[in-house]
Amino acid sequence: MIKPVHNMKRVGHIRAGFEYQDLVAIEVLIDFYRDRNLYRWVQVDSEDRSFASIEDVVACRPDGLYELTQVKFTADPENAANHLSWRWLTTQAKSGRSLLQKWSDTTLRHLRNGTLAKAVLKTDRLPDESFRASLVGTRVRYDSLPEHDRAVIEDQLGSSGNAKMFLSSFEFHHSQERLDDLEERLWSRVASDTDKGGWHTFKARVERWATRSNSPEPDGKIRYFNLRDAFSTNRSRPLPQGFTVPENYIVPVDSFHRSFIDEISANDGVSVLWGSPGRGKSTYLSHCVESLDRDQAVCIRHHYFLSQRDRSEGRFHYQAIR
């Protein structure tokens, strides 16, 4: 079945690429969330140089072996210029190194160190006819390569031995879902655990983990408790904004009320009204809003509850409290 072209602006291609990468990482994190014994930890956009060039998603298994995933997105997978091909893989950048060279260096290093579980490319690119013919499942059958392509690969990787070792170990997962379809499928996997607000909070947290050094603290490694906190149902819930003020309501102390109204009316800074739970702060503030409304003052109401027991990283995220 022919996959539809991504419908996006030209300026959105770069943004979409990062979003696609985050979604691929989220799939790994959901697997981890479902099985806490699946990994010791996961990194998104790892800064560890030993994973250089295959660092988009790094997952450390309980046996200490690494699952390495590199993600490549294209906004137009139907365009022949964007197909997964040997030409694309072996084209050398200004640095003089091709994708194949970069990926082989990391793969072979961990293979020789005995630390590789698997190394994978995940892409929505479609393979061209030549590349598809060389595949058996997700791996390249070295003996089926055209002579010219084989010569280029051996030259770039240094020897036929390096080429055979790399291609027998590296997996090419092509023709992956388009961005919107991938997000919808991943959301469906967690829809029973959270709501749309929780989903967007989780996505924002993954983006932060991908873009901030040593996030989550202290070392940038996502452990099971980070995911448990991310999907926690204890995050703050929206509260009704319209607290009804009884007709016979009397302010706690009239002198305090007058001074408080004067303070917030004349002060451009921040005033904090605090008190123990159940003392009537929200009702009193609703009374203040009614008083200020009569004076045609501009009031923006926003009530929310923040549990004192919640110590999760995202407890102050706006998605969680709006």
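Predicted model: local features only at pLDDT ≥ 70, side-chain atom pairs only at ≥ 80, totals over all residues.
**Stop 1: the largest nonpolar core**

Start by selecting Ile 26, Leu 29, Val 42, Trp 199, Phe 202 and Leu 227; among the 34 residues of the largest nonpolar core, these touch the most other members. Now colour the elements that each supply at least two residues here: helices H1, H7 (179–190), H8 (196–211) and H9 (224–230), together with strands S1 (41–44) and S2 (57–60).

**Stop 2: Val 42 and its surroundings**

Next, centre the view on Val 42. Setting aside neighbours within four places in sequence, show its contacts: Val 28, Leu 29 and Phe 32, then Val 57, Val 58 and Ala 59, and finally Gly 220, Lys 221 and Ile 222.

**Stop 3: a second core**

Move on to Tyr 66, Leu 68, Leu 100 and Leu 135, which are included in a second, separate core of 30 residues.

**Stop 4: the second largest pocket**

For the last stop, select Gly 17, Val 71, Lys 72, Phe 73 and Thr 74: of the 16 residues lining the second largest pocket, these lie nearest its centre. Which of them gives the most? That is H1, with five residues. The pocket's volume is about 280 Å³. Colour the lining by residue class and you will find six nonpolar, six polar and four charged residues.

How values were computed:
Residues numbered from 1 in each chain as written. Heavy atoms only, no water. 1 Å grid on protein atoms, 1.4 Å probe; cavity = no way out; pocket = protein on both sides within 12 Å on 5 of 7 lines; lining within 4 Å. Points joined across faces, edges and corners; volume = space filled by probe spheres on them. Helix = DSSP H or I, 4+ residues; strand = E, 2+ residues; numbered from the N terminus. Nonpolar A, V, L, I, M, F, W, Y, C, P; charged D, E, K, R; others polar. Core = buried A, V, L, I, M, F, W, Y, C linked by side-chain atoms within 4.5 Å. Buried < 20%, exposed > 50% of the residue type's maximum accessible area, 1.4 Å probe, protein only. Contact = heavy atoms within 4.5 Å.
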